[in-house]
Amino acid sequence: MIAPAHILLLEPFAPSREETLPPIPFDRASVMRIGNVSIAHGLTLAPMEEHTSLPFRLIMKQHGASLVCSERIDGCDVASRDKRAMKLLATTAGERPAVGQISGGEPQEIAEAARVIQELGFAIVDLNFECPIKRLVGRGEGGALMAQPARIAELVAAAAKVVDIPVTVKLRTGPKAGEDTAIETAQRVEQAGGAGITLHARSVEQAYLGGPDWTHVTRVKEAVSIPVLGSGGIRTAADAIAFLKESGADGAAIGRGCLGNPWIFQQARSLLLGGGAVAEPSPAERGKVLLSLVEHEFEFYGPHLATRRLPRTACYFAKFLPTFGEFKKEIQTIKNLPQFRQLVRERFR
Ligand SMILES: Cc1cc2nc3c(=O)[nH]c(=O)nc-3n(C[C@H](O)[C@H](O)[C@H](O)COP(=O)(O)O)c2cc1C
């Protein structure tokens, strides 16, 4: 299934208020610890279904993401080592430290799935309590659990009891506007042995639309002593810096802002360290990185699925080209990798 267009749309984001804010203290520009795992800095890749499989994660890592995360996978499939789940959880040394993300509503199942994540070589297991998709919410999992902070704590405790790697959670602000459960949930997660929190600063009801409210991240950060990362609305390097300054969070988990733009991590890192703005990549550089991602996707998914994914993946990179209009039409005619290589040679220069 390819995600609906409204989710993938890169909506414009409010301009950065960076200039008016105090500098970030140096400790937040450097190493962060989640449990026993050292993370080089706070600029991480947010999990995204149908995007953050191994080829994508490796590209983001190579371009400066400190920590990368698999997409959410049903805990029952992970626990039973379902073939598709294992494929999505393929990991290699090149991406470490990496996070494997699972969802579920039963402590025993979550515990078993967490054990598998550890066995596969992930440094951290993340429990998803944020996903708004109906199928998941309908069975009382993912975002549905933001209405039950005590249940979330039970699930965290069940996982933390059976693994040595840190257990973290991905939360929303609450089920809907006016029902903010994130602070209570975060405190319970910490008490239950959770080692870190990423807060997507929207409610479950909001799904992916509408402005994230970063002040929720500040309030959660103030309520717990484990690391708190925030997510939502970071589209440019300057947004990432503004987010860190405004929210006081330990890190920023970048989602849609890195689609077709892995350079956002280096650019933000440079600003974080007080360096200048890193120049935008040339079209040729964009083409080179796109091709490397696509070639790896052909190996990873096989030609059939990789060809189906091609227009979407390529358009994220091509949207920066002056000839994007033509490219959008041409990509629809591409049937195989040699044709794609030729198109990249012609357009990305
Ligand atoms: C297509 C898509 C798929 C997503 N899949 C997941 C997921 O599997 N697990 C998760 O925790 N969050 C998922 N998210 C949420 C992102 O991790 C991130 O928190 C969210 O997109 C907010 O950041 P953004 O506004 O910078 O994109 C997904 C978001 C998008 C757009």
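1. Start just after helix H11, where Gly-274 has a positive phi of about 85°. Helices here are DSSP runs of H or I with at least four residues, strands are runs of E with at least two, and both are numbered from the N terminus. Residues are numbered from 1 along each chain as its sequence is written. The model is predicted: local features need pLDDT of at least 70, side-chain atom pairs count only at pLDDT 80 or more, and totals for chains, interfaces and linings use all residues.

2. H11 itself covers residues 264-272. This helix is mostly covered, with seven of its nine residues buried. A residue is buried if 20 or more other C-beta atoms lie within 10 Å of its own, exposed if 12 or fewer, and partly exposed in between; the C-beta atoms are placed from the backbone. The buried residues are Ile-264, Phe-265, Gln-267, Ala-268, Arg-269, Leu-271 and Leu-272. They pack against S3, H2, H10 and strand S10 (251-254). Contact requires two C-beta atoms, placed from the backbone, within 7 Å.

3. Now the whole chain. It has 15 helices and 10 strands. Its C-alpha atoms fill a box of roughly 55 × 50 × 35 Å along the principal axes. Of the contacts with a separation of 6 or more, 68% join residues 24 or more positions apart.

4. The chain is divided into domain 1 (5-272) and domain 2 (283-347). These bounds come from an automatic or database domain assignment. The C-alpha centres of the two domains lie 28 Å apart. Eight residues of domain 1 are in contact with nine residues of domain 2. On the domain 1 side, the touching residues divide into six nonpolar, two polar and no charged. Nonpolar means Ala, Val, Leu, Ile, Met, Phe, Trp, Tyr, Cys and Pro; charged means Asp, Glu, Lys and Arg; the others, Gly among them, are polar.

5. Next, the ligand. Which residues are closest to the ligand? Ala-46, Arg-72, Ser-231, Gly-255 and Arg-256 are the closest of the 23 that surround it. A residue is counted as near if its C-beta atom, placed from the backbone, lies within 6 Å. The shell has nine nonpolar, eight polar and six charged residues.

6. Helix H9 spans residues 215-223. Its buried residues are His-216, Val-217, Val-220 and Lys-221. An α-helix has 3.6 residues a turn, so residues three or four places apart point the same way. On the other side of H9, Thr-215 and Glu-222 are exposed. The buried residues pack against helix H8 (182-191), strand S8 (196-200), strand S9 (228-231) and helix H10 (237-247).

7. Two loop residues deserve a look at the backbone. Glu-50 has a positive phi of about 70° although it is not a glycine. Glu-50 sits in the loop between strand S3 (43-45) and helix H2 (54-62). Ala-207 lies in the loop between S8 and H9. It counts as partly exposed, with 15 C-beta neighbours inside 10 Å.

8. From Arg-96 to Pro-97 it is cis, with omega near -5°. Pro-97 is found in the loop between helix H4 (83-88) and strand S5 (98-103).

9. Last, Glu-285 in helix H12 (residues 283-301). Is Glu-285 buried or partly exposed? Glu-285 is partly exposed, because 13 other C-beta atoms lie within 10 Å. Glu-285 and Glu-297 are 12 residues apart along the chain, and their C-alpha atoms are separated by 18 Å.
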